[in-house]
Amino acid sequence: MLLIHAVEDRRIRRTKRNLKRALISLMNEKGYRSITVTYIVDLADYNRTTFYRHYQDKEELANGLVDDMIDELTTAFRFPYKNNNFVKVDALSPSNVVIFDHILKNADFYKLWKGSEGIPGFQEKFINTLIKLHKNDINYFPNQQTDINDDYFITYRAYGVWGLIVNWIKDDFKTPSHDMANQLIRIINYHPLREYETRNIDKTFIR
């Protein structure tokens, strides 16, 4: 009996995975709003009955896909400190920072950001997840006197990581994920100078 249930569970997971892959493939061909259940089941080689056995509609399938990505993102973000109470940022190595590996593993999904947000609302949920992880998991100013507002600082850090990822996606992942991780580590550990030298520029070009 247990073996039968295990086989059924594997079959269900495989069916859901194939339907999600079909949705991603279709989104790379056409806009999300123009995709129908018929398109999805035809590409995945299932019938509509199979689809509705697992999902009420296209939106529920999309939400399941988003949940999968957010869960993987969360696991990747927490990887450097999953077994530790502290993160030594100056001792991080690229092998500890796996968030870019997560993006590259799901490149077909994330490259949808090049032209649009893919599934409506995903980018907002992505950045909100980064903000929550920064806010709930990490104490940035333990035992320090600082005038920096925690929320502002966390928003700055989260949007910085997000911007780096978006730029990498739009650049077609040309930089290896290992090098992107190394760049992020260097950015996190960068200490600004007290003053900067401005460039001799023609300010008439600035609009």
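So, Asp 137: at 26% relative accessibility, it counts as partly exposed, since buried means under 20% relative accessible area, exposed means over 50%, and partly exposed is in between, with a 1.4 Å probe and protein chains only. Keep in mind that this is a predicted model, where local features need pLDDT of at least 70, side-chain atom pairs count only at pLDDT 80 or more, and totals for chains, interfaces and linings use all residues. Residues are numbered from 1 along each chain as its sequence is written, and side-chain values use heavy atoms, with hydrogens and water left out.

Okay, where does Asp 137 sit? It lies in helix H7, residues 122-137. Helices here are DSSP runs of H or I with at least four residues, strands are runs of E with at least two, and numbering goes from the N terminus. The protein has 9 helices and 0 strands.

And what does Asp 137 touch? Setting aside neighbours within four places in sequence, Asp 137 is in contact with Arg 78, Tyr 81 and Lys 132; contact means heavy atoms within 4.5 Å.

With Arg 78, Asp 137 forms a salt bridge, and the closest N and O atoms are 2.7 Å apart. Asp 137 is in helix H7 and Arg 78 in helix H4, so the pair ties together parts that are 59 residues apart in sequence. By the way, a salt bridge is a side-chain nitrogen of Lys or Arg within 4 Å of a carboxyl oxygen of Asp or Glu. C-alpha to C-alpha, Asp 137 and Arg 78 are 8.4 Å apart in space. Arg 78 is partly exposed too, at 36% relative accessibility.

How many salt bridges turn up in the whole structure? A search finds 7. Another one is Lys 135 with Asp 151, where the closest N and O atoms are 3.3 Å apart. That pair links distant parts of the chain, with Lys 135 in helix H7 and Asp 151 in helix H8 (residues 150-170), 16 residues apart. Lys 135 is partly exposed, at 42%, and so is Asp 151, at 41%. Then there's Asp 108 with Lys 111, whose side chains meet at 3.4 Å, N to O.

Back to helix H4, which covers residues 58-78 and also holds Thr 74. Is Thr 74 buried or exposed? At 16% relative accessibility, Thr 74 counts as buried. Apart from neighbours within four places in sequence, Thr 74 is in contact with Thr 129 and Leu 133.

Zooming out to finish: of the 207 residues of the protein, 34% count as buried.
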